[in-house]
Amino acid sequence: MMLYAVLLLTVACSAVCGTAQDEKKYRHNGRSVLEMCLIREGCKEIALTHPSPDDPSPLKDLCTAVGEKLGALDNRVCDSLLSPDNANDDPPETDGAQLPPRSDPAALALSGRTNYFEDCSDIHTALAMFNAVSSGIHDIKPAGLESPISVNCDQLTDGGGWTVIQRRFDGSIDFNRPYGAFQYGFGSVFGEQWLGLENIYRLTNQNAYELYIELEDWGGVVKYAKYASFSVGGSSTYYRLNVGGYSGTAGDGFSLSYSTTYGHYQNGQGFSARDVDNDTKSGSCAASLSSVTGGWWYKSCGLSALHGPYLRPSDYTTHSGRGIHWAPFGGPYYTYLKKSKMMVRPVDFEP
Ligand SMILES: [Ca+2]
């Protein structure tokens, strides 16, 4: 396609294609004039292939956002730089099929397989192309989903590229819900949210993913737990937890250091909620008021439960049960934390 053709010209045409005077006049955010011209060609192609305002190409939004800079480019300069006459006589060895797909988000968006990015790491790559990396809300469509979903992208934490699957920070959303609610998600991308097990299953099974959990207590202490591998199984497994490779400062709340025969080891457990009991305890961890509560991957029961009631310090009594709970966090608030955020990213992501 056209975009590949112009990208190939990048290989063929060295930096000497433009004059020094042109470089100074048209350079933007550290990008060469040629790069800016290539970006503009990509945006033009997207405008042609996705002409309808209702046709959702994420790159189209990006092109609009940088349109003013692209519009300042001199057509004659771009035409000259992109002219085949400027290409080397020797054609480049590579061809489009050999380019790594993640290096060309425009081509990905145009591939016809989907107009959407698969996750926030792809969006990071696309934003980086425009020197416009920032966190924000985007529509993505993980492989296997029929419709896009709206998600928060964290492009700052630990190099960015994270798709947020859960966040709680003010207690505005009730997390005491039945299994079906956890299955399909609730809350809002603009506030507290649970993305839904079905979406998380699709998201974490299109690639090898890692998990980052950020937690904050009522004293303002922020800690994290990172897992080098994370996915959930499909509905027939009750969205079984597959997690491994802990590192971080908050401690391992999935208790992977315990023996698999011990009651706390949560890896491999199906998801439970107040009306569906997949734990190994007599009675239900998710429905218990005296211990942990809320939908989660329990065994008997475990060291974590991030979907308990939203308890402020003033709400907490010895009889109030546990709220947002991550036992190894430590400190006075570990059983009723103030904020939690869970997010996933492909393990091969490179900021
Ligand atoms: Ca049980």
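Is Tyr238 buried or exposed, and how many other C-beta atoms lie within 10 Å? The legends below take up this residue after an overview.

**Figure 1. Overview of the predicted model.** This is a predicted model, in which local features need pLDDT of at least 70 and side-chain atom pairs count only at pLDDT 80 or more, while totals for chains, interfaces and linings use all residues. Residues are numbered from 1 along each chain as its sequence is written. The protein has 10 helices and 11 strands, where helices (H or I, at least four residues) and strands (E, at least two) are DSSP runs numbered from the N terminus. Of the 351 residues, 45% are buried.

Figure 2. Tyr238 is buried, with 20 other C-beta atoms within 10 Å; a residue is buried if 20 or more other C-beta atoms lie within 10 Å of its own, exposed if 12 or fewer, and partly exposed in between, with C-beta atoms placed from the backbone. Tyr238 sits in the loop between strand 7 (222-232) and strand 8, and its phi is near 55°, a positive value in a residue other than glycine.

**Figure 3. Close-up of Asp158.** In the loop between strand 2 (149-154) and strand 3 (162-168) lies Asp158, a residue other than glycine whose phi has a positive value, near 50°. Asp158 is partly exposed, having 15 other C-beta atoms within 10 Å.

**Figure 4. Close-up of the peptide bond from Ser300 to Cys301.** The bond from Ser300 to Cys301 is cis, with omega near -15°, and Cys301 is placed in the loop between strand 8 (241-248) and strand 9 (304-305).
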